[in-house]
Amino acid sequence: MTLYAVWEKNTYTVFYNANGGSGAPASQTKTYGTALTLSSTKPTRSGYTFLGWSSSSTATSPSYYAGGTFSGNYGLTLYAVWEKIPEKYTISYNANGGSGAPASQTKTENVSLTLSATVPTRKYYNFLGWSTSSSASSASYVPGDTYTANSAATLYAVWEYAPGTYIVRYNANGGSGAPSAQTKTGGITLTLSSVEPTRERYTFKGWSTSSTATTATYQPGGSYTADAGATLYAVWEKDNYEFSISNLTVSESDIYRYGTATVKVRTDSWDQEHAYSNIPVQLYYDGVLVATQYVNFAKYGVANSTFTVN
């Protein structure tokens, strides 16, 4: 007889290694000359994305893919190739006493972040930039800067105190001796001058922003809080006259038709500080004005008036 050789094709084993992950497929048998469809099972690894398989455990790109074809006539171990999922970091902004801080941003690991161009505001302060310290006096970042650190952060606004200044002026408003102008610093209360103007025969009542006011809004030595310039006008109250009339006499006891009468009267000023001029002294008869004379008074003075009437 003739004996014929009986042949069996060689087989090879393909092993899978999750390479730091878990859930690697079971090994497969590869037959010589026949392409092997690789397992479609994908391993998993927290924080990583599975890219495929490689015969090198340190590969960064795969040579084979899940469900792909392996046609080599040899056995091998396939290692999972992983790509790390980038970390995400939150960059928060704190206006640090101001307002209008930008919204938070997300920083991707190893990817530079352009900081927000939004600028916060704060009354009486200049914005210098951002710092990771709330008490910093100089900025580490400015709006639109690049942030490269792979870490979350809170950026605090850095402020420079820069208050505005305002001029408060005084107007004696008919009097004299108004105080000198004062400078008001924004955010700081100004103590008004205690100097009081004077005006003859008027009493000073205080200050107002209106030149026609009859009541005062501010007093000497008082507080002015408005962050605005102003002219303060003196508010005056007119003094009352203090006069008296006495010794009214009529020289004629009988007065005939077409005759005249002589009327005398004493007038006194009780003001010991001021003289007066052109003060009207008027003579009435039965409620009808008969005559008027204008009298000048010295301080604490006396004036005698004589009227000759028909």
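How many bridges join strand 19 to strand 20, and in which sense do the two run? Strand 19 (residues 243-250) and strand 20 run antiparallel, joined by 6 bridges. Two strands count as paired if DSSP finds at least two bridges between them. Strands themselves are DSSP runs (E, at least two residues), numbered from the N terminus.

Before we go on, a word about the model: it is predicted, and local features need pLDDT of at least 70, side-chain atom pairs count only at pLDDT 80 or more, and totals for chains, interfaces and linings use all residues. Residues are numbered from 1 along each chain as its sequence is written, and side-chain values use heavy atoms, with hydrogens and water left out.

**Around strand 20**

Let us stay with strand 20 (residues 261-269) for a moment. The strand is mostly covered, with 7 of its 9 residues buried. Here buried means under 20% relative accessible area, exposed means over 50%, and partly exposed lies in between (1.4 Å probe, protein chains only).

Elsewhere, 4 strands make up an open sheet with mixed pairing, in the order 2-1-6-4. Strand 2 (28-31) and strand 4 (48-54) stand at the edges with a single partner strand each, so one side of each has no neighbour in the sheet. From one strand to the next, the twist averages 30°; the angles are taken between N-to-C directions, from 0 to 180 degrees, using axes fitted to C-alpha atoms. Strand 4 pairs with strand 6 (residues 76-84) over 6 bridges in the antiparallel sense, and T49 stands opposite E83 in strand 6.

**Strand 7 and its two faces**

In a regular strand, side chains alternate between the two faces of the sheet. With strand 8 (residues 105-108), strand 7 pairs in the antiparallel sense over 4 bridges, and T90 stands opposite T106. With strand 12 (residues 153-161), strand 7 runs parallel, joined by 4 bridges, and I91 stands opposite A153.

**Rings and charges**

The whole structure holds 17 aromatic pairs. Rings of Phe, Tyr and Trp (its six-membered ring) pair if their centres lie within 6.5 Å; planes under 30 degrees apart count as stacked, over 60 as edge-to-face and the rest as tilted. Two of the pairs are set out here.

| Pair | Centre to centre | Angle between planes | Kind |
|---|---|---|---|
| F70 and Y74 | 5.4 Å | 85° | edge-to-face |
| Y141 and Y147 | 5.7 Å | 55° | tilted |

F70 is buried, at 1% relative accessible area, whereas Y74 is partly exposed at 41%. Y147 counts as buried because its relative accessibility is 3%. One aromatic cluster is formed by Y16, F50, W53 and W82.

Charges meet rings too. A charge sits over a ring if NZ of Lys or CZ of Arg is within 6 Å of the ring centre and within 35 degrees of the ring normal. The charged end of R45 sits over the ring of Y48, 3.9 Å from the ring centre. Likewise, R199 has its charged end over the ring of Y202, 3.8 Å from the ring centre.
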